[in-house]
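Have the sequence and the model open as you read.

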Amino acid sequence: MKVNVKIKVIDEQETTIEGASVTLHSTPREGITDERGIALFENVEVGEHTVVIAYKGQTGEQKINVQGDTDVEEVSFTVQIKSVSPFLEPAVMFVIGGLSLALVSAIVVIARNRLKHG
């Protein structure tokens, strides 16, 4: 028997997550959550499966057991979203480092010019 499995992805405040990558394993199938936070997988075999969720650099994994006693089985996942400081991003750190180096260089040049001329 095969059933449709609806996987809903929400955050800690129970807000739906759109655009999360959902992979259903045994026979790997992939989907992306819609604006309601749902990824639908059709004709899923009854039995144990592993669901992997990936969203904004975070991943989560959970085993589910598809029963087959209903036409559509719904499973909800809570994705814990942690706010990440933008200052820890490599590109931002590079720009800040470059600007800091330019500022120090400018101060050194100005200081040398004042010593020569003043």
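V52 stands opposite E61 in β6. Strands here are DSSP runs of E, at least two residues, numbered from the N terminus. The model is predicted: local features need pLDDT of at least 70, side-chain atom pairs count only at pLDDT 80 or more, and totals for chains, interfaces and linings use all residues. Residues are numbered from 1 along each chain as its sequence is written, and side-chain values use heavy atoms, with hydrogens and water left out.

Strand β5 spans residues 47-55 and strand β6 spans residues 58-66. They pair in the antiparallel sense over 9 bridges; pairing requires at least two bridges found by DSSP. The hairpin has 2 residues between its strands. K56, in the turn, has a positive phi of about 50 degrees.

## The nonpolar core

The largest nonpolar core has 16 residues. Such a core is a set of buried Ala, Val, Leu, Ile, Met, Phe, Trp, Tyr and Cys residues joined through side-chain atoms within 4.5 Å. Buried means under 20% relative accessible area (1.4 Å probe, protein chains only). V5, I7, V9, V22, F41, V51 and I53 have the most contacts inside this core. Two or more residues each come from β1 (2-10), β2 (21-25), β4 (38-45), β5 and β6. β1 gives the largest share, 4 residues.

## R29

R29 lies in strand β3, residues 29-32. Is R29 buried or exposed? It is buried, because its relative accessible area is 19%.

Beyond four places in sequence, R29 touches V22, T23, L24, F41, E42, N43, V44 and E45; contact means heavy atoms within 4.5 Å.

Terms used:
Buried < 20%, exposed > 50% of the residue type's maximum accessible area, 1.4 Å probe, protein only.
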